[in-house]
Amino acid sequence: MTSASWRVEKHDMLFHRMNRPLMVFCRVLMAWAESGNAEGWHLARLSGASWYAVEKARDKTLELDMFSVTAMRLRHGAPRCWDCQRAIATVISGNKTSQQVRERLKKDVAEMKSHLPGFRPGLVVLQVGDREDSNLYISMKLKVAADIGIDANHIRLPKTATEDEVLWNIEAVNDNPAVHGLIVQLPLDSINPIDTEKVTNAVSPEKDVDGLSSINAGKLARGDLRSCFIPCTPNGCMELIKQTGVSVSGKNVVVIGRSKIVGAPMHDLLLWNHATVTSCHSKTLDLAAQVGKADILVVGAGKAELVKGKWVKKGAVVIDCGINHIPDSSKPGGKRVVGDVHYPSAKERAGYITPVPGGVGPMTVVMLMENTVKSAKRFLQMYKPGKWNISYRKLKPLKPQLSDVQISCSYPRNPIGQLAKEVGLLSKEVELYGRSRLKVRVEVLKRLDKQPNGKYVLVTGITPTPLGEGQSTITLGLTQALGAHLNINSFASIQQPSPLSSFGIKGCAVGGGYSQIIPVEEVSLQPSGDSEAVSAASSLVVDSIKAYCHYQTKYSDKVLFDLLVPFRDGHQSFSPSQLNRLQKLGIEKSDPLTLTEQEISRFIRLDINPDARTDLASLKHEIMAILSLSSSAEDLQNRLAKVVVAISRYEELITTEDLGVSGALALLLNNALKPCLMQTLEGTPVFVHTCPSADITYGNASVVADKIALKLVGPQGFVVTETLHSADIDMEKFFNIKCRSSGLQPNVVVLVATVRALKMHGGGPGVTAGFPLPKQYSEENLKLLEKGCAHLKGQVENARAYGLPVVVAVNTFSSDTQAELELVCSQARQAGAFDAVLCTNWSDGGAGALALAQAVQKAAELPSSFHYLYDLELPVIKKIQKVAQNINGAKDVELSPKAKEKLAFYMKQGFGNFPVCIMKIQSSLGNDPEKKISQQMTALKIPHGPVFMATMTCIVTASSCTVLGCT
């Protein structure tokens, strides 16, 4: 005991006079004990017990450490041996102490539940094999966990489990946010070789409540006790030592044993609690002499009754961690449990001693639970419901501004795996693709199925100049402002840029300045594999058509049938796609041997019309559009199976399933269905996926990328996506095609505008890429600008036609004047925009789009009244009229006789109830490229032209009649 523990405070005179003789006697004994006399220590303890009980009752200011009351009660109840004038050692009960800890942990769990209803600390025990002793230990752990309120689960793998299976299960638990502690029950009882060290180190350090991983052991060895998990047995030993009231600081402590579970961590723990520690083991010379020096003795050697009582220093604290079985005929099983210390003789000399059983054992289990509760507390400190904990980068924009590539290279990027974890993706749901990209598996949607979607924002623009108006830059700047500056979960979802756009005059097509995706060279110049997979799939279809056309003229029906349905192990059987073709033909048979000659001929003879088959370029666009609209692997395969690739001589439609290649196509595109996760300059997440051509199909990012992002951001988060071209071209297709296919409904439309583009629409001179801008664009010209704002008004009205609030984002340039910017904002609000704000995120990053983010946030709170432009049940010509009249200002739509004939044919095939996708010139609202402002067309003429088939969409272009079938 320290001198502070025995200090007597001043009391009133009356109390001192009444107890003066007893006080004097006690102080004499205290001085004798402190001089090093062991007998004095025992007599002082015996006589002082009742005195300090009186003192405690009389004066609550007595300076004892936090465990003094428990220690005094233990001393007061110690049995006395009057013959030798000393007390037998006080037994330190692990059962009683563990119960106290359990009660404390129950209160901690209840407090956590009060702050977050429904929350429970999670624990998983992973066992390999079926050892009886392991089963006993696990049942004890599960019982204690349930009593405390911990949600504990037991994973038992068979004895046949391999190391890879064990590691896979550990990885799955590491990724589970509902689990805060993971125990690997040792030994691993498997018939296969398993590296125990590798397995224990596979446990995430944040969940290693056993404290056995190298990271936690290293932190303990370095004294980093606050951020590591201390192994349970040493931690329990420290708790028992505290119960004695004996301070560890400055004491001579001997630890016998050097195992990774007890001895080594016990040494480190005592050392960093300021004890002078000696480690002993099987090679230690004169072990008895070392033990005799110990004020505190911790034994974990694993050898029955190794330490004899006569070795123990008088008054020492003895902690026995051993559990051994020795023969004992008096016991029912013929054995009894003993520790590593000879208990009968040691308790005659020790001051305090732990029994076996009932000492360290119960503490080990309860300290395991304490580590689990501690892990859950750490989780709650970091966890904010619905909030990500992303480490956003702080930008320091330079003036004059660097090039996009220089800016991209001047800021370090966060590890992409860390970003995936921060947004809620599990390691099994992502695949590394290059140094800075991850492919995200579509299966994540199944896990997040019940998670509500976030807010859905579409960024589009007015008709741009040939130089571009910064639509992608605004998209990424808005995402940065929402995430890095407003601390709102935000995700951008954009198309994979094509090499053509990357080398074009508009730049890298992934933003610019301080609002771009990094690394710029990887996203722009190193494809993610989507286009390559689509090219391979398209080539397979075209080659299959050529092969059919070639072999149908060379071989008989029987030979072709045997080639298509080959013998395997002496039997023929149909593939799933072949069974579907039989069903399509009305042949209800599944056994190839039962088909008649006529049925065989119908089955194998496609009779493809060489003049009515798809070409490679058209098919690439079609398959890319299908990939972009698919929500799952099953959805992708179903869509691919319905792709019409040719027409027979009898005017029957021939699909990829008829060719027998739909399954192969799905396999080729399986990896391309996974969106790529990247990051912006400030660290906000971005999905980059697919590149359907806006000139042929529709120019939007993929459905699956949008769906995953909407689940990850949560109900209060935002997903910002964009159209490739202006509002009158791609916004209409986004709503009527993509949103119909995905079932998603946007909340806000952001319309990007610039002063220079509006001047061009007001009648300004033409803009030619690569040449200096005419002076009208670099000087203030309010008259020209006001005239061009009629175009802005038309685009705002187009966006509002779908029942959504519109926020106009004015992307500012250094040549813009304050009067010009105010005029644009004023005209936008008069046109019906919810708000109009200035954006400088190209030069300032997310901070330059902060006003836009706040306006979008307010607009998203408005009640949604989103609706489509037309019903699918309308005739195709009526749908075309709806788009042409409402979006492009046409009075009527006129089809050429040939176009009418082709449309009638496809309507006959059942393609009438699909959306239409209308292509037009990009340089104006109408069909006259020279008329930039909103115009009234007298008629929209649709001549006939080349035709290709796709899935689920009927496409009619302004230059041709292009009908797509099942997208």
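Ser556 lies in the loop between helices α22 and α23 (557–564), where helices (H or I, at least four residues) and strands (E, at least two) are DSSP runs numbered from the N terminus. The model is predicted, so local features need pLDDT of at least 70 and side-chain atom pairs count only at pLDDT 80 or more, while totals for chains, interfaces and linings use all residues. Residues are numbered from 1 along each chain as its sequence is written, and side-chain values use heavy atoms, with hydrogens and water left out.

Ser556 is partly exposed, at 40% relative accessibility; buried means under 20% relative accessible area, exposed over 50%, and partly exposed in between (1.4 Å probe, protein chains only).

Helix α22 spans residues 530–551 and includes Tyr551. The relative accessible area of Tyr551 is 37%, so this residue counts as partly exposed. Tyr551 forms a nonpolar surface patch with Tyr555, Val559 and Leu563, and together they have about 350 Å² of accessible area. Like charges are joined within 9 Å, and nonpolar side chains (Val, Leu, Ile, Met, Phe, Trp, Tyr) within 5 Å. Accessible areas come from the Shrake-Rupley method with a 1.4 Å probe; for residues, only the protein chains shown count as cover.

A search of the whole structure finds 0 disulfides, a disulfide being a pair of cysteine sulfur atoms within 2.5 Å. For Cys321, which is in no disulfide, the nearest cysteine sulfur is that of Cys237, 3.4 Å away. Cys321 is buried at 16% relative accessibility. Cys917 is also buried, with a relative accessible area of 1%.

The protein has 38 helices and 34 strands. Of its 967 residues, 53% count as buried. Its accessible surface comes to about 42200 Å², 54% of which belongs to carbon and sulfur atoms. Among contacts (heavy atoms within 4.5 Å) between residues at least 6 apart in sequence, 72% join residues at least 24 apart.

The mean pLDDT, the predictor's confidence in each residue from 0 to 100, is 84, and 85% of the residues reach 70 or more. Over residues 1–85 the pLDDT is below 50, and this stretch has 105 contacts in the model beyond near neighbours in sequence. The pLDDT is also below 50 over residues 931–967, a stretch with 157 such contacts. Where pLDDT is low, the predicted coordinates should not be read in detail.

Note on methods
Patches are made of residues with over 30% relative accessible area and no salt bridge: like charges are joined within 9 Å, nonpolar side chains (Val, Leu, Ile, Met, Phe, Trp, Tyr) within 5 Å. A salt bridge is a side-chain nitrogen of Lys or Arg within 4 Å of a carboxyl oxygen of Asp or Glu.
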